[in-house]
Amino acid sequence: MRASPLLSLTVLTALLAGPAASAQTALPSFEGQVIYQVMPDRFFDGDAANNAGVDRGNLRAWHGGDLPGLTQKLPYITDLGATAVWLTPVYRQQAGNSFDTSAYHGYWPEDFRDVDPHFGTLAQFDAFVKAAQAANVRVVLDQVVNHYGYGATAVTAQRDWFTPQAQCDASQNKDVDCPLSGLPDLNQGNPQVRELLLGNADFWRARGVSAFRYDAIRHVPQAFLKDLLARDRAAGTWTLGEWYDADTGTVAEWQKAGFDSLFLFSLQKAMKASLMSGQSLTQVRGVLERQDELPRPGEVTLFLDNHDIPRFAQGSLFADEGQLNTRYGLRALMTLKGVPVLYQGIEIAQRGGPDPDNRQDMRFEAQWTPGEKAVHAAARSAIAARKASPALSLGAQTLLPMPPAVQDDLLLLLREQGGQRVLAAWSGARQRRTYSLPLNKLGLSSGGQDLTKSLFADQNAGLSVKGGYLHVSIDGRDAAAFPLK
C-alpha cells in the first residue's frame, strides 16, 4: 500500500501551537478508556492448526495463543470492564530462533504488513477487529519502527536500509544510531525506509486499528517520529510511546512533540515500592505533585506491570500477600487521572520475574484459586466504579496536603467533574485505621455528611464529615473512592 503524502513539520507545529489550535483541532483521546494488554501467543489458543513448533514447557518457545483465541475471549475482556485491547505485534516474524528464543513476542519482524502464521491470518485479524468494534472495544496495535528481526530477509537483501557500523561508532547519540540489543537498526533517513514505516501505519489503520503503541521510541530519530505522529494525528489515530523509564518530564516533552501519551514509568516504580513493598506513600506523592507539568494529564498512561518488567505481584515473597497488595494497587490505579493499562493476568495477581518469566500463559476462571478470584472481583468492581463516575474517569485531580504524622501512610486525592466530587483515599498502614483530619487543613469545604460507603463494591471502608473534620475509616493496604458532597 502506498503511503499518503507526508504532512510537514509545519502542520505538526500548527496542531501543537497551544490552546487556540487545540480548540480548533479535535485531538485523539483515550481519556476515560481502560486498556487491557494482551501478548497473543500467551493468551488463548483458538486454533490448534497453527501450532507448529509449539512447546508450552519452554517459556522461550511459541505457546499457541492466536487471534482466533483472542476473538473468542473478547467477552472475558469486556466483562472485566476494559474498553480497549492493546496487542503486542502480530507481524510475520523471522522464521528461526535467536539466542534460543522464538519470535513469539512479535518484536523481531520479517514482514510488517502480514500476520505471522502462528497468530493466524490477515482475515482473522480483520475478524478480530470487527468483533472488537461490535463490542465497542478499541484496538491498539504495537508498532515497531526501530528495527527488523535478527534473521529477517531484509537484513541481507536491503543492506542500505540499515545504519552502518561506522555511523554508530562515530555517533554522539548511541541510543539512536546504534543497534538496540544488536537488532538490525533501521535508517529512517533512507527514503525507502521512511516510505515503508509510514505506509505500515496506513496499512493497519485501514484495517480498523484505533491507536498505535510505538515501541522503543528512545532509539528512533526525533525528526522521523514527529512526521509519523503528525500523520497519525491528522488521521485521528491515538499514539502511545514507550520510552523505557520515562518520568513526568519525559512524558511532558513528548506530549508537546506530538505523542498523545507515554507510559509513566516513574509512577509505576513508586507504586510498586509504596504499595507492594510497604514503603512510604510519599514516593507516589512526589510523582503526582508533578502532574501540572503535563500538557495532557488525562492521556498519560498508568500501569502496574507489563511484559518488559517483573510482575507487580512478584514484589511479595508470598502469593497471598501479593494478591492483597495487587488488589490494593488495582483499586488505587482506578482512582488516578490518566489511562490505566492492565497487563493480562494482573487482574488475578499473576506472578513472574524478569523476561521470560513475566510472560507466562494466561489462566482463566476454571484454573483460578479463591485468592485469585477475589483479586479479579476487586478489579472488576473498581473498573466498573471508575467507568460509572465522571469524576474518576475524566475529572480534574487535586492532591490534598497531608499532616506530617500521617503522610507516610495516607494519600488523599480529590477528583472533580461536572459538579461531582469523589475523594480517593489510599492507606498504606498495616492495620485498619480511622483518620480524622480538619477540613481547613486539607483545603476542603463541605457541610456535614453521614457515613458514606466506598464506590468500590465489597469494601470495608467509610467516610463521614462532622464538626469540620473529615473521618476516613479504611483497611490497611487498601484504596477506596467516596462520593463527597
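How many cavities of 30 Å³ or more does a search of the whole structure find? The search finds 1. The legends below describe close-up views of a predicted model.

**View 1. The largest cavity and its lining.** The volume of the largest cavity is about 100 Å³. It is lined by 13 residues, and those closest to its centre are Leu264, Leu288, Gln291, Leu294 and Val300. By residue type, the lining of the largest cavity consists of 9 nonpolar, 3 polar and 1 charged.

**View 2. The largest pocket and its lining.** The largest pocket has a volume of about 560 Å³. Among the 23 residues that line this pocket, Tyr107, Leu180, Ser181, Asp308 and Arg359 are the closest to its centre. The lining of the largest pocket divides into 10 nonpolar, 6 polar and 7 charged residues.

View 3. Strands of a sheet pair through backbone hydrogen bonds, in either a parallel or an antiparallel manner. In this open sheet the strands follow the order S8-S7-S6-S5-S2-S1-S10-S9, and the pairing is parallel. Strand S8 (261-262) and strand S9 (301-303) are the edge strands, each of which pairs on one side only. Strand S9 runs parallel to strand S10 (residues 339-343), and 3 bridges join the two. Leu302 stands opposite Pro340, a residue of S10.

**View 4. Helix H5 across two strands.** Helix H5 (residues 122-134) lies across strand S2 (84-87) and strand S5 (138-143). The helix runs at about 140° to S5. Both S2 and S5 belong to the open sheet of 8 strands, where they stand next to each other in the order.

**View 5. The open sheet of 4 strands.** The order of the strands in this open sheet is S11-S12-S13-S18, with antiparallel pairing. Strand S11 (396-399) and strand S18 (478-484) each have a single partner strand, so one side of each is left without a neighbour in the sheet. On average, neighbouring strands of this sheet are turned by 20° against each other, direction ignored. Within the sheet, strand S12 (residues 410-417) and strand S13 (residues 420-427) run antiparallel and are joined by 8 bridges. Gln417 has Gln420, in S13, as its bridge partner.

**View 6. Helix H14 across two strands.** Helix H14 (residues 319-333) lies across S13 and S18. S13 and S18 are neighbours in the order of the open sheet of 4 strands.

**View 7. An aromatic pair.** A pair of aromatic rings is described by the distance of the centres and the angle of the planes. The count for the structure comes to 26 aromatic pairs. Why is the pair of Tyr91 and Phe112 edge-to-face? The ring centres of Tyr91 and Phe112 are 5.1 Å apart and the planes lie at 70°, so the pair is edge-to-face, since planes over 60 degrees apart count as such. The pair links distant parts of the chain, with Tyr91 in strand S3 (residues 91-93) and Phe112 in strand S4 (residues 109-115), 21 residues apart.

**View 8. Two backbone details in loops.** Asp355 and Pro356 are joined by a cis peptide bond, with omega of about 10°. Pro356 is located in the loop between S10 and helix H15 (370-388). Asp100 is found in another loop, between S3 and S4. The phi of Asp100 is near 60°, which is a positive value in a residue other than glycine.

Technical notes
Residues are numbered from 1 along each chain as its sequence is written. This is a predicted model: local features need pLDDT of at least 70, side-chain atom pairs count only at pLDDT 80 or more; totals for chains, interfaces and linings use all residues. Side-chain values use heavy atoms; hydrogens and water are left out. Two strands pair if DSSP finds at least two bridges between them. Contact means heavy atoms within 4.5 Å. Axes are lines fitted to C-alpha atoms, for helices over the stretch in contact, and angles run from 0 to 180 degrees between N-to-C directions. On a 1 Å grid over the protein atoms alone, a cavity is a set of points where a 1.4 Å probe fits but cannot get out, and a pocket is an open set with protein on both sides within 12 Å along at least five of seven lines; lining residues have an atom within 4 Å of a point. Grid points are joined across faces, edges and corners, and a volume is the space filled by probe spheres set on the points. Ala, Val, Leu, Ile, Met, Phe, Trp, Tyr, Cys and Pro count as nonpolar, Asp, Glu, Lys and Arg as charged, and the others, Gly among them, as polar. Rings of Phe, Tyr and Trp (its six-membered ring) pair if their centres lie within 6.5 Å; planes under 30 degrees apart count as stacked, over 60 as edge-to-face and the rest as tilted.
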